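The following note sets out several points for a colleague who is reviewing the coordinates. Please read the points alongside the sequence and the structure.

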Number of protein chains: 2
Amino acid sequence: MALLDSIEDFEHRDWDTDPDGQVRMAVVGLGNYGRNVSVPAIEAGDYCTFTVGVSGTPETRRAVADEYDVRTVDYEAYTEGAATDAYDAVYVATPNRLHLPHVEAAASHGKAVVCEKPLEVTVDRARRLVEACEAAGVTLMTAYRMQTDPVVRRLREAVGAGELGTVTRAFGDFSYDVLGGSRGPDQWRLDSRLAGGGALMDVGVYPLNTTRYLLDAEPVAVQGETRQSGPVDEVDEHVDFSVRFPGAVGNFAATLTGRSKASLALDGTAGTVRLCEAFQPRRERTLVVETDAGRAVFEDVGRDETREEFDYFAHCLLTGQQPEPDGRDGLADVETMMAVYEADRAGERVSLRP
Amino acid sequence: MALLDSIEDFEHRDWDTDPDGQVRMAVVGLGNYGRNVSVPAIEAGDYCTFTVGVSGTPETRRAVADEYDVRTVDYEAYTEGAATDAYDAVYVATPNRLHLPHVEAAASHGKAVVCEKPLEVTVDRARRLVEACEAAGVTLMTAYRMQTDPVVRRLREAVGAGELGTVTRAFGDFSYDVLGGSRGPDQWRLDSRLAGGGALMDVGVYPLNTTRYLLDAEPVAVQGETRQSGPVDEVDEHVDFSVRFPGAVGNFAATLTGRSKASLALDGTAGTVRLCEAFQPRRERTLVVETDAGRAVFEDVGRDETREEFDYFAHCLLTGQQPEPDGRDGLADVETMMAVYEADRAGERVSLRP
């Protein structure tokens, strides 16, 4: 039983061909996530390096320029093409509704793009974003870091090889306390216009996309329900949604308040897997596998999947390959999430591919 | 933090006042569950004893009479009042659609009843069952064994005391392989007329009822979806359903095929709990508690909750108390489950208490 024996593979980069070169990255949006999670991951990468920072805040530009010895520009200069000689590709980590103009700018400069999830706040805007890159002939990757985590990649191989039999059900949840720590209520994630949605768009997309990736299957119908119980009022604080795939159902939950928590589980006719601490960045994950061959618990598996994400993206550019989580992958999730909101409003099951 | 410290309490019978006496039990229905799970639990009880067996199969009557030195009768004799001098109360473990006549017979003999879940196959029949006992003035308990498991009782106390903060979400699943082992396809659980439903009625009722019990709350709306992927064709092989409570949502899944699996989890604003191997009879359970005070894993907690169930029922009779999982409790779940089937058929959210 390969999955039970594969603990050493949970560090393996199956895509790495050890190419020469490095991709110089501009980071567009230096908020908490971009600056404190993504920039260090890019800097730690084998195939990418941080060379240009884009921020609207003068103090941030100064601080980042000092800390990393990089050029920094504001959004207007970035859009107009400043510093394009200093970067090869763009990472967009601005609020969701700004992805479209910031990706369009990159495409107009002929730069490859890795864009944060969700791609945009409506299906139409997400489609325009994808088409802008296609028209310009630039590579677009949606920043689905879980798809580059070796644990998730091994799970996908195991599912594809039938090690769990037929997978009939997925469970996933992700709770992120958007107001925790020093984070106050004045942030774009709680602004319905900028974020486009709340728990579903920000964290619910993780179990949704990861399940699509693991099952290699597309949703055919959704049901769902959003609600608010506390301090979040403009966007969905909680979402519970059910996604029907051919032959399987995914039951997903996400929330923007409460204790940090994430898990992903698959039930198959011949085995089950459960990944604990599944979606938080830089967290030690635990994988529990149960099959007819036995039970195994793997602690502290995987690698820093944010570093993996940027190295994978840069590796694709260096080797002329198309990233697997491409723009169409990101667009499919926006379509599904909008259907969940529609199902919630209508109180009805909504079909996706009639 | 009481819940983190309460491992010793996971064996405690909070209801036990050590009364004198024993309740003599007639077991109506000696199929696999009744004969191999419930009869040994009754025999092991402090406050109950097995004195009369009811079966339609002559070989079963002979074998049970020999093994336990009890009187055995067939259904016709039971209904007509045979051996009523030899038992004080009746445990009904026949197929779901036979619960009504078998409980009506007990009520007509003036005997207290503990009736298996689900109470009956329709809301109307379940209500008639409850009303038959109320009219006869006999005690009726629905056989929700989880409500007598000390672990579940401690969890309920912890939730009630606010140890998890506000509980905003429950997760529960139960997979029981109805065709596993020597069990063939010729069984009443797969007969839609006798069973009234499949995965939802047989195993989905566990996470539903246990969550109602833990939250002390009633459903206000449901969504759900049933499906069949394999050998089960007359009833729902799989069900995924979502139950809206005031302030919380329960996401539940149940299946009649695949690997045995059960869990129940609660997310609260101040803590989470997860009970593994939650619903299988006589299984060692693991409880994981995470609160602001820390994390604890309790292995092999609880008692044989089937024995607890019958001792609790008998204790109620000996002390003149009303069992908490009464007929109305069982009726509420039938109402909710029928709403889930309606939601599945209609593809719509169905409200329960308009």
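1. In this predicted model, L264(B) has L275(B) of β12(B) as its bridge partner. The strands concerned, β11(B) and β12(B), are joined by 6 bridges and run antiparallel.

2. These strands belong to an open sheet of 9 strands in chain B, with mixed pairing. The order across the sheet is β14-β13-β12-β11-β7-β10-β9-β8-β15. The edges are formed by β14 (294-301) and β15 (350-351) of chain B; each has a single partner strand, so one side of each is left without a neighbour in the sheet.

3. The contact between the chains draws 26 residues from chain B and 27 residues from chain A. On the side of chain B that touches chain A, at least two residues each are supplied by β7 (167-175), β8 (221-227), β9 (238-245), β10 (248-255), β11 (261-268) and β12 (271-276) of chain B. By class, this side of chain B comprises 15 polar, 9 charged and 2 nonpolar residues.

4. Helix α6 (residues 123-136) and helix α11 (residues 327-346) of chain B have axes that come within 9 Å and cross at roughly 175 degrees. An angle over 145 degrees counts as roughly antiparallel, and α6(B) and α11(B) are therefore roughly antiparallel to each other. From α6(B), the contact involves V123(B), A126(B), R127(B), L129(B), V130(B) and C133(B). From α11(B), the contact involves G327(B), R328(B), G330(B), L331(B), V334(B), E335(B) and M338(B). The residues of this helix contact divide into 8 nonpolar, 3 charged and 2 polar.

5. For chain A, the domain assignment gives domain 1 (17-144) and domain 2 (146-351). The C-alpha centres of these two domains of chain A lie 23 Å apart. Which elements supply the side of domain 1 of chain A that touches domain 2 of chain A? At least two residues each come from α2 (32-44), β5 (112-115), α6 (123-136) and β6 (140-142) of chain A. The largest share of this side, 6 residues, comes from α6(A).

6. In the contact between the domains of chain A, 37 residues of domain 1 meet 38 residues of domain 2. The side of domain 1 of chain A that touches domain 2 of chain A has 24 nonpolar, 8 polar and 5 charged residues.

Technical notes. Residues numbered from 1 in each chain as written. Chains lettered and ligands numbered in written order. Predicted model: local features only at pLDDT ≥ 70, side-chain atom pairs only at ≥ 80, totals over all residues. Contact = placed C-beta atoms within 7 Å. Helix = DSSP H or I, 4+ residues; strand = E, 2+ residues; numbered from the N terminus. Nonpolar A, V, L, I, M, F, W, Y, C, P; charged D, E, K, R; others polar. Pairing = 2+ DSSP bridges. Axes fitted to C-alpha atoms, helices over the stretch in contact; angles between N-to-C directions. Parallel < 35°, antiparallel > 145°, perpendicular 65-115°, else oblique. Domains from an automatic or database assignment.
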